[in-house]
Amino acid sequence: MVKKLSRNDECWCKSGKKYKQCHMMMEEKMRMFHDKGYAIPHRKMIKTKEQIDGIRESGKVNIAVLDYISEKICVGMPTEDINRMVEEKTKELGGIPAPLNFEGYPKSVCTSVDDEVCHGIPSKDIILEEGNIVNVDVSTIYGGYFSDSSRMFCMGNVSEEKKRLVEVTKQSIQVGLDHVKPWVKIGELGAAIHEFARENGYSVVREIGGHGVGIEFHEDPFVSFVCPKNSGVLLVPGMVFTIEPMINMGRCEIQMNDPNGWTVRTEDGMPSAQWEVTVAVTETGYEVLVY
Ligand code: MF3
Ligand code: CO
């Protein structure tokens, strides 16, 4: 809360409404939590209804692209083909692939196979093989708004062990969502996911996590999936962020020394899985904007 507005001032969110008819009540409540020692989100983390509508529309494109990939992906396909399809489909639907040229990233999508944790770069030399598990992480700019989600795909006959990793990781998204509601700390959801993964015998990557999203690709807050329950920023209506835990079959340590500057792998070479959704905090709970 930067500027103390008067009741009759125009709200900072540009709704055109008076402050008292817009964000005032919510910010008074936030101030109460602040006084009790909570970390509260700054205004940039709180989206207006119009912005959330925009992110939802962007999300529709993101989902359509992932649906398209899920129809086409198959054993024997080079991951470069996924890149081409993501680019074509996104453009056909009027969007722009967000990863392309983002901080120098060379492709339109991330494709991470088996022990690749995230940020796998599509290549004509990486051929999807029977038994692989692969994460396809799609991010879209549409109408000026960013959306972000990813899914796992099992290529042909996948071992029961790997299938379980993929399934548990998918379930962990719902475990996280169950903790998304206003006026609790964001650490609740991260701690719940961590506990769920550990109960299932898995570990969770610490260094990389979710993020605010919508106006930019990566915004505050950082969303940890390995954190104490009683930690992190207070959730309030209008916050939009990703839930995207990276869950490892073996140990949690990762290596980030690929010469390509991007691809993250498990240190022990064991498989890793990830699903990602974009979620908005509502007055009563949450709305999944992108799955
Ligand atoms: N989509 C990834 C995320 O969930 C980010 C990829 S950034 C890229 O945050 F540049 F590597 F594409
Ligand atoms: Co993300």
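Colleague: Over how many bridges do E3 and strand E12 (residues 264-266) pair?

Modeller: Strands here are DSSP runs of at least two residues, helices (H or I) are runs of at least four, and both are numbered from the N terminus. For two strands to pair, DSSP has to find at least two bridges between them. E3 and E12 run in the antiparallel sense, and their bridges number two.

Colleague: Before we go on, what kind of model is this?

Modeller: Residues count from 1 along each chain as its sequence is written, while chains get letters from A and ligands get numbers from 1 in the order in which they are written. Side-chain values use heavy atoms, without hydrogens or water, and with local features needing pLDDT of at least 70, side-chain atom pairs counting only at pLDDT 80 or more, and totals for chains, interfaces and linings using all residues, the model is predicted.

Colleague: Now the metal. Which residues are the protein donors of the cobalt ion (ligand 2)?

Modeller: Donors are N, O and S atoms within 2.8 Å of the metal (3.2 Å for Na, K and Ca), and sites may look incomplete because water is not among the atoms. The protein ones lie 2.1 to 2.2 Å from the cobalt ion: Asp148 (OD), His211 (NE2), Glu244 (OE) and Glu276 (OE).

Colleague: Is the site octahedral or irregular?

Modeller: Six donors count as octahedral if opposite ones are over 155 degrees apart and all others between 65 and 115; four are square planar by those limits, or tetrahedral if all angles lie between 85 and 135, and anything else is irregular. The six donor atoms of the cobalt ion make angles of 52 to 159°, and that site is irregular.

Colleague: How far apart in sequence are the parts tied together by Glu244 and Glu276?

Modeller: Glu244 sits in the loop between strands E9 (240-243) and E10 (246-248). Glu276 is in the loop between strands E13 (272-274) and E14 (277-281), so the pair links parts separated by 32 residues.

Colleague: Are those two glutamates buried or exposed?

Modeller: Buried means under 20% relative accessible area, exposed over 50%, and partly exposed in between (1.4 Å probe, protein chains only). Glu244 comes out at 6%. Glu276 has 0%, so it too counts as buried.

Colleague: How much of ligand 1 does the protein bury?

Modeller: Polar side-chain atoms approach ligand 1 at 3.0 Å from Asp137, to a nitrogen atom, and at 2.8 Å from Glu244, to an oxygen atom. Taken alone, ligand 1 exposes 330 Å² (Shrake-Rupley method, 1.4 Å probe). The protein buries 96%.

Colleague: Last one: where is Lys14 found?

Modeller: Lys14 isn't a glycine, yet has a positive phi of about 70°. Its relative accessible area is 74%, so Lys14 is exposed. Its place is the segment before helix H1 (24-35).

Note on methods:
A polar contact is a pair of N or O atoms within 3.5 Å; within protein, one must be able to donate a hydrogen and the other to accept it, and residues adjacent in sequence count only if both atoms are side-chain atoms.
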